[in-house]
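Dear colleague,

I am handing over the structure below for your use. Please find a summary of the findings after it.

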Amino acid sequence: MADVEFDQVWKRFGPQESAAVHGLSLNVRDRELLVLLGPSGCGKTTALRMLAGLEEPDDGDIRIGGKSVVGLEPKDRDVALVFQSYALYPHLSARDNIGYPLKVQKLSKADQADRIERVAEMLAIGHLLPRRPAQLSGGEQQRVALARAIVREPRVFLMDEPLSNLDAKLRVHTRTELKALQRELGTTMIFVTHDQAEAMSLANRIAVLNAGELQQIGTPDEVYDHPANVFVAEFIGSPPMNLMSATTTGDTAVTDGGWRLPVPSGSAVDHPETVVGLRPEGIEIVADDHPGATRAEVITVEPFGSEVIVDVRLGDDSIKIRTAPEIRPAPGSQVALSVKPSAVRLFDRASGAAL
Amino acid sequence: MTAVATREALAARADEGPPMRAKAKAGPVEWILVHLVFVVISAFFLVPFLWLLSAAFDAKANAYVGIPTHPTLDNFVKIFADYDFGRVLANSLFVAIATMILVVFTVALAGYSLSRIELRRKDWITYAVLLLQTMPISATMVPIYGLARQLGLRNSYLGLILIHAAIELPFLIWLMKGFFDSIPRHLEEAAWLDGRSRFRALVEIVLPLARPGLGIAAGLAFLSAWAEVLMVVILIDQDNLKTVPLAFYQAMRTQGGYTEVQYGVIAAMAIIYLLPVMLVFFTARRLMVSGLMNSTRGL
């Protein structure tokens with residue numbers, strides 16, 4: 001069992017600076033792939049480094065498999081970390097890099113060779129083993145770094161933006177592989193990234209962090225469909241959720257641009273100061289005589305092949321709509337918009353929290 | 001959008017200054033003048049070496065540079081037969097190599113500590129180390145003599161080695177700190193996570209990467225201990241402990257009760273004295289150049 005638990009963990013780097021990690025409490029289940037997602041400086045890497053033992057928390061407890069690891073040396077925690085820079089030992093061949101943790105464990109030469117071969121085969125890097133890191137491409141270095149982590153069979157894998165130095169195509173390819181690999185190995189993995197698409201595609205669950213604080217934790221669908229606050233709503237999704245200030249009375253919200261939107265049943269009604277959130281695919285361009293439709297001016301149309309993003313203006317609000325590729329309204333023209341009540345999200349304007 | 005950005009970037013670059021002027025071709029007069037200056041400067045530095053060569057192989061060597069009038073190898077025979085130069089050389093080698101080993105070991109640990117370990121007032125310590133380097137060594141001569149006497153370190157290689165190492169340490173600690181600063185921390189963190197202790201990670205991962213720096217430190221420590229005169233003169237007066245600088249001294253003053261400079265002998269000694277220096281330089285010059293470039297990058 002290798003579940004991981006952060007329990008009210010605090011970390012502050014300087015007396016003047018605000019906390020890098022702010023009372024973080026988080027449970028990572030055994031065999032789960034959890035993604036820590038957030039903008040740079042949100043504390044996600046610090047959280048990971050505290051789990052690895054490279055930083056010590058100022059307060060709180062971190063447990064792996066139910067046992068506290070606070071105060072343990074990194075070498076005694078049995079976690080493997082893949083660094084953003086890969087951190088391959090430049091003076092050792094790929095084989096010796098991968099074999100280094102095994103050498104530390106004093107495995108017999110035959111066992112070492114055996115395990116290196118097996119991992120190299122799994123990652124298709126057998127032909128790279130004699131080379132030094134400087135002779136490898138970025139993608140190859142990334143695989144060797146991954147192999148060095150896997151070969152140890154650690155309790156937990158930690159990944160610190162391991163894909164961010166790869167080019168876009170390789171990144172997408174590698175993340176698919178990584179997901180399959182994690183499922184195959186069945187090892188708990190915590191993956192840090194600032195790329196929401198990477199998080200959505202990889203994660204069993206996503207933990208969204210901002211300014212050292214946990215904003216929301218949930219499955220990709222949960223954080224996408226029901227963001228806990230305005231920050232999550234804006235951070236997840238590309239293009240992000242459309243957010244508009246609105247006044248809500250009863251079952252209707254009226255945006256500052258004058259759009260009357262149905263509020264999903266069960267949402268708080270006695271909360272006039274709100275922000276309405278609409279995913280780009282939650283808005284439909286409809287016929288002009290559609291009941292309840294509102295009209296807006298088309299600003300730009302961005303075709304992406306499989307979809308089209310239409311940017312419209314309604315009052316002061318700029319709204320992005322995702323439509324089918326055959327819908328191409330002319331810029332400058334007026335279109336009618338309609339929304340299903342279930343697509344509407346409401347947030348408190350003062351706190352930003354979902355209602 | 002991209003085109004506009006590119007154009008703006010180009011415009012910004014154009015504003016930075018005119019493009020570099022093509023290198024003007026030197027005229028013949030300029031060429032001659034430049035080379036003349038080089039020749040004069042080279043001659044200035046080469047003359048002493050020419051003298052050494054001519055005097056060492058001349059039975060009637062004097063203080064002037066010239067073709068040997070009485071070519072001979074006698075001077076070399078004499079220094080080993082009459083001046084026990086074999087033992088003197090061995091003594092010097094022992095002191096220089098021992099100093100080198102002590103210095104390399106110390107700067108590796110001290111440089112690493114200043115680069116990596118969190119200490120209170122670390123910047124003060126770092127500057128204090130540099131301050132030591134600025135002390136003129138002759139100013140410390142008397143206290144060092146007194147200290148060595150009290151500690152029983154006169155006529156002892158331990159004393160000589162400690163002093164030689166101390167002279168070189170401040171600068172080399174700074175040099176190594178720069179080297180360690182330039183080695184990414186992630187590498188040793190990776191080694192810790194792979195199961196190594198801090199010390200083993202230092203030995204197995206960090207030190208191999210700091211090899212150019214350690215090479216420079218070793219080379220400079222050896223050369224400085226090999227060439228150091230002042231401390232040898234004040235600390236050593238036993239004949240069997242004599243190192244090369246003292247042998248020179250001896251060849252200069254005591255010949256039959258009156259001062260007579262044995263030019264041929266001194267030149268022969270000097271040529272042999274130069275050999276290890278040349279050897280160190282030519283074997284390590286690549287390492288030292290790349291190392292010094294690295295170290296300035298790290299500062």
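Please note that the model is a predicted one.

The crossing of α8(B) past α9(B) is right-handed. On the α8(B) side, the contact is made by B:L187, B:E188, B:A191 and B:W192, which meet B:R198, B:A201, B:E204, B:I205 and B:V206 of α9(B). By class, the residues of this contact comprise 6 nonpolar, no polar and 3 charged.

Turning to the core, the largest nonpolar core has 160 residues, and the members that touch the most others are A:L158, A:I190 and B:A217. Helix α7 of chain B (residues 157-181) contributes 13 residues, the largest share of this core. Beyond its neighbours within four places in sequence, B:A217 is in contact with B:V103, B:V104 and B:V107, as well as with B:L172, B:L175 and B:M176.

As to the contact between the chains, 17 residues come from chain A and 14 residues from chain B. On the side of chain A that touches chain B, β6 (79-82) and α2 (94-104) of chain A are the elements that give two or more residues. That side of chain A consists of 13 nonpolar, 3 polar and 1 charged residues.

Kind regards

Technical notes. Residues numbered from 1 in each chain as written. Chains lettered and ligands numbered in written order. Predicted model: local features only at pLDDT ≥ 70, side-chain atom pairs only at ≥ 80, totals over all residues. Core = buried A, V, L, I, M, F, W, Y, C linked by C-beta atoms within 7 Å. Buried ≥ 20, exposed ≤ 12 C-beta atoms within 10 Å, placed from the backbone. Helix = DSSP H or I, 4+ residues; strand = E, 2+ residues; numbered from the N terminus. Contact = placed C-beta atoms within 7 Å. Nonpolar A, V, L, I, M, F, W, Y, C, P; charged D, E, K, R; others polar. Left-handed = near helix turned anticlockwise from the far one by under 90°.
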